[in-house]
Amino acid sequence: LYDRTALLPRISLREPRSAIGKSTNQAMLAGAIFGYRGLVREILQRITAQKSWQGRVRVVATGGYAKLIAHKLPEVDTVHENLTLEGLRLVGCMNSPGGGSF
């Protein structure tokens with residue numbers, strides 16, 4: 001947001017102290033973290049409700065901020081921050097001359 005506006009500051013993502021921001025920074029931080037957690041929770045609830053298979057859904061959070069977002073989400077079973085990058089590395093190794101090494 002800060003790139004495209006003159007007055008919104010750049011924020012560093014971390015756990016907010018409160019959902020009620022008493023400054024622009026605090027409000028943006030609360031919205032970013034609590035809002036994103038709410039988004040993830042809603043998606044997981046809908047997937048679980050609509051699943052067509054039997055058994056429990058195992059949820060793995062991935063990405064650079066996965067640990068921060070998943071911290072307060074009991075629906076998340078594990079955090080693997082580099083899962084996508086590891087998968088790309090494995091595919092690259094499989095497609096390199098000689099098969100590469102894992």
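Biologist: In which element is the place of Arg37?

Modeller: This is a predicted model, in which local features need pLDDT of at least 70, side-chain atom pairs count only at pLDDT 80 or more, and totals for chains, interfaces and linings use all residues. Residues are numbered from 1 along each chain as its sequence is written, and side-chain values use heavy atoms, with hydrogens and water left out. Helices (H or I, at least four residues) and strands (E, at least two) are DSSP runs, numbered from the N terminus. On that basis, the place of Arg37 is in helix 1 (residues 24–50).

Biologist: Does Arg37 count as buried or exposed?

Modeller: Buried means under 20% relative accessible area, exposed over 50%, and partly exposed in between (1.4 Å probe, protein chains only). The relative accessibility of Arg37 is 5%, so Arg37 counts as buried.

Biologist: Which residues does Arg37 touch, not counting residues up to four places away in sequence?

Modeller: Contact here means heavy atoms within 4.5 Å. With residues up to four places away in sequence not counted, Arg37 touches Glu15, Leu68, Ile69, His71, Lys72 and Leu73.

Biologist: Where does Val76 lie, and which residues is it in contact with beyond four places in sequence?

Modeller: Val76 lies in the loop between helix 2 (66–70) and strand 2 (78–79). Val76 has 13% relative accessibility and therefore counts as buried. Leaving aside neighbours within four places in sequence, Val76 is in contact with Val59, Ala61 and Ala70.

Biologist: What distance separates the C-alpha atoms of Val76 and Gln26?

Modeller: Val76 and Gln26 are 50 residues apart along the chain. Gln26 lies in helix 1. The C-alpha separation of the pair is 26 Å.

Biologist: Which backbone nitrogen does the side chain of Gln26 reach?

Modeller: Gln26 is partly exposed, with a relative accessible area of 38%. At 2.8 Å, its side chain reaches the backbone nitrogen of Lys22.

Biologist: Which residues does Asn25 touch, again without those up to four places away in sequence?

Modeller: Asn25 is found in helix 1. At 38% relative accessibility, Asn25 counts as partly exposed. With residues up to four places away in sequence left out, Asn25 touches Pro9 and Ile11.

Biologist: Where is Pro16, and with which residues is it in contact beyond four places in sequence?

Modeller: The place of Pro16 is in the segment before helix 1. Its relative accessibility is 10%, so Pro16 counts as buried. Leaving aside neighbours within four places in sequence, Pro16 is in contact with Leu29, Ala30, Ile33 and Phe34.

Biologist: In what order do the elements of the protein run?

Modeller: The protein has 3 helices and 2 strands. From the N terminus on, they run α-β-α-β-α.

Biologist: What radius of gyration does the protein have?

Modeller: The radius of gyration is taken over C-alpha atoms, and the globule rule is 2.2 Å times the number of residues to the power 0.38. For a compact globule of 102 residues, the radius would be near 13 Å. The C-alpha atoms of the protein fill a box of roughly 55 × 40 × 20 Å along the principal axes. The radius of gyration of the protein is 18 Å.

Definitions and conventions. A polar contact is a pair of N or O atoms within 3.5 Å; within protein, one must be able to donate a hydrogen and the other to accept it, and residues adjacent in sequence count only if both atoms are side-chain atoms.
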